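Subject: A structure for you to explore

Hi there,

Here is the structure I promised to pass on. Have a look around it first, and then read my notes below.

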Amino acid sequence: MSEIKEFVTYRLNEEYYGIDINNVENIEKVLPITRVPYTPPYVKGVVNLRGIIVPVVDLRTRFGLMPIEATDESRIIIVNVEELKIGMLVDSSSEVLQISDDDIDAAPNVRKDNNNEFVKYIGKKNERIIMLIDLMKVLSIEAQ
Amino acid sequence: MDMSQYLEIFIDESKEHLQTMNEILLVLENNVEDVSHIGEIFRIAHTLKGMSGTMGFTKLADLTHKMENVLDLVRNGELSITSTIVDVLFECFDALEEYIDNLEKTGNEGDLDSSELVQKLQVIAQKGEVTTSKTAKKAAAAPTPKVETKPEDESVFTLSVNDVGSIINKAIEMGVKPYMIKVILDQGCMLKAARAFIIFNTLERFGEIIKSYPLAEEIEDEKFDDSFEVLYFSKLDEQYCHSELMKISEVKNIIIRELSESDAAVEAVKEDVEVTMAETEVEVKAAKPAKRKEDANAKSNDKGKTSKTVRVEIGRLDNLMNLVSELIIIKTRLEDLDSSSNRNNMNEAIEYLERITTSLHDAVMKVRMVPVERTFNRFPRLVRDLSKELGKNIKLFMSGEETEVDRTVIDEIGDPLIHLIRNSLDHGIESPADRVKSGKDESGFVALRAYPDGNTVVIEVEDDGKGIDPEVIKRKAIDKKLITVDEGEQMSEKEIINLLFAAGFSTAEQVTDISGRGVGLDVVKTKIEAINGTVEVVSNLGQGSKFIIRLPLTLAIIQALMVNLDEEKYAIPLNNIKEITTIDPAKITMVQEQEVVLYRNKTLPIIRMKDVLDFPSTEEVPEELITVIVKKGEIEAGLVVDSLIGQQEIVIKSLGKYLTGIKAIAGATILGNGSVALIVDPNQLF
């Protein structure tokens, strides 16, 4: 029996990525972001999420893409990893996809650049390709 | 059987008992004659034994059992207490504490070996045994004094078995013995419900409880006097049941009657008479443990003799705190609203809201407050042990233990205080010989005082030792290249003494185990500054020294000055700010690559906030610089900002674990419009 896994998908440029739904807390429209000095360039700043200060990582910068102004479609995906609550700024996010285990392959190790490390597996769904990211690597969190 | 859910209660209770034991041991040491103290320790050891036995912690039970033996001999006047015995008791106490610590951390007793201690206790007990071997054995066999006389009324069972007669018969057929058990608890039993639960649990280990009187729910709610009854099926014999139950502490007596088939029949006849009892079907297993836990928790607090405290889960408090901060945010938002048509009403509303938030804030703060006693109560033991080790005679005076500070502060001040006390004992107070030489009393003293002072709490550690010699400090500092000879000449006595707090400074002539590993006072200072406190030292050479710690009452809500840097808003804590002024950029000169300005006849270093906070640099030179002068101890610096917004009450929030150790930033706060502003930590700027 193959297992069905659920992924929250988001878009950067025209590429689609997926995050294990168990890590996703909620998806927010873009909130005012306050810059924090002396943080890595991909840390966009912090937002007020109903009384809790949550850091926001700009995934465009993290994936080496040109930063763009936030649009109406832009979203902040709030994820929970290793007891940390972190927001990820993405171009858009709309659906949850169910992908069977059989349709998930290890990411091809062709490109040697940074981005490749972030994508662990590739999921296929209705002829679409979803890159399933390794949150720990993307957010550069050390396992505890 | 799963006991894990009671582990917490067990640990809490044990800690309380150990704390009392510690206090009594200290009193006992100075007053060995007083037998009433022995009785008290005996009672504690006994309770601990019972509790740990029930929980299945054999090492704990064993050790306390042996302690009990010795204590019983002393209590009965068959053994007189000596300092050796007190020392052994202290060692036992340490071992017990370690077991409990292990339990708390890992859930099991750990592999601390207490067999040596057990042996020591045995030797002591045997010495007493030379004359009184019988009593000792008796004490070992039956730690709880048995109640010999069983008054008539105690043995009467109220529990009716009429409705379960057939079940009883069936049980007998299957070789299971039905018992009527009456449990009589000590009159002074504090946690009857919890105790009853332990009894139920014990029983269920060996059999099944069919019903009880009163109902299980009522027992749970403590709706019974000193006794309750159960109908119990078990394969065990009467004797064993009895002894198992008697092992539980605070059980005064157990009456067991084995039921026969005729009992069941007879009871059945009475059926119509006692219809009311027919609904006593009890499902002990279905009892709600969570509720019980709460009950037990609440009750165990009543046990504390010194103060009645409420244990509140810190998470809940944080939540409450969050709500309050939301309220404050709304208040700020209201204040921000521009003049509406009904300005007066608006003002009234704001005033009202302000009153509410202020009192809510106070109320929450009070819940978070705990007396410093919690930290202080481990010091008598510390001083006792250290002075023994150092061969000095030192008395500890404590006052103001009831002074309250925020819970978060309490947890942080323990280590610094231990450090300061060790320092006083080791470096401060001279050896008895030296003291006599300098005309002082042979025994020294350390005083630990706490008192509230305005919005802060002050804790002082004072000793009457040799004080701090600025010359020695200066020499050491120069030796250790902390300062140059020239610098040393220019420094005031006070500045020199404050070098004590510099990293890598230790003045002990000899490095001892107790203090003087070179990581001394700078750690104290860092720790205390981390919770926004200050520490200073006053010293009179030859007469002693005094360390004064000032702590904020609360950490969560502060007054701050809001400033603008470009479009960004920052908060500067008001307690760091000395004054606000404007400075003519032309008057700034460079000294050793640092901008300074002469202000009120003092050189004031200038720190441009935009440079510090990583802003893109601009060429623009304003006509005058708006400068916030902040102070850190004696040092001042001017922070240049773009413009001032005003004073505001802000709620400090953490940036979280993902963004830690960010230079110059103490945290964040939420503004009236919902956006986030960062809080500048001036202490990290210079």
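Let's begin with chain B as a whole. Keep in mind that this is a predicted model. The secondary structure of chain B consists of 22 helices and 22 strands. Of its 686 residues, 33% are buried. If you take the contacts in chain B with a separation of 6 or more, 70% of them join residues 24 or more positions apart.

Next, a sheet to find on your screen. Five strands of chain B form an open sheet with mixed pairing, in the order β20-β12-β13-β22-β21. At its edges stand β20 (643–651) and β21, and because each has a single partner strand, one side of each is left without a neighbour in the sheet. From one strand to the next, the twist averages 35°. As background, strands of a sheet pair through backbone hydrogen bonds, either parallel or antiparallel. Which sense do strands β12 and β13 of chain B show? Strand β12 (residues 557–565) and strand β13 (residues 568–573) of chain B are antiparallel, and six bridges link them. Within this pair, Leu565(B) sits opposite Glu568(B) of β13(B).

Now for two helices. His46(B) lies in helix α2 (residues 35–55) of chain B. An unreviewed UniProt entry annotates His46(B) as "modified residue: Phosphohistidine". Is His46(B) buried or exposed? It has 20 other C-beta atoms within 10 Å, and 20 or more is the cut-off, so His46(B) counts as buried.

The buried residues of α13(B) are Thr357(B), His361(B) and Arg368(B).

Finally, look at where the two chains meet. Chain B brings 23 residues to the contact and chain A brings 17 residues. On the side of chain B that touches chain A, α12 (314–336), β21 (665–670) and β22 (676–680) each supply at least two residues. That side of chain B has eleven nonpolar, six polar and six charged residues.

Enjoy exploring, and write back with any questions!

Best wishes

Methods. Residues are numbered from 1 along each chain as its sequence is written. Chains are lettered from A and ligands numbered from 1 in the order in which they are written. This is a predicted model: local features need pLDDT of at least 70, side-chain atom pairs count only at pLDDT 80 or more; totals for chains, interfaces and linings use all residues. Two residues are in contact if their C-beta atoms, placed from the backbone, lie within 7 Å. Helices (H or I, at least four residues) and strands (E, at least two) are DSSP runs, numbered from the N terminus. Ala, Val, Leu, Ile, Met, Phe, Trp, Tyr, Cys and Pro count as nonpolar, Asp, Glu, Lys and Arg as charged, and the others, Gly among them, as polar. A residue is buried if 20 or more other C-beta atoms lie within 10 Å of its own, exposed if 12 or fewer, and partly exposed in between; C-beta atoms are placed from the backbone. UniProt positions are given in the numbering used here, feature names are shortened, and annotations may be inferred rather than shown by experiment. Two strands pair if DSSP finds at least two bridges between them. Axes are lines fitted to C-alpha atoms, for helices over the stretch in contact, and angles run from 0 to 180 degrees between N-to-C directions.
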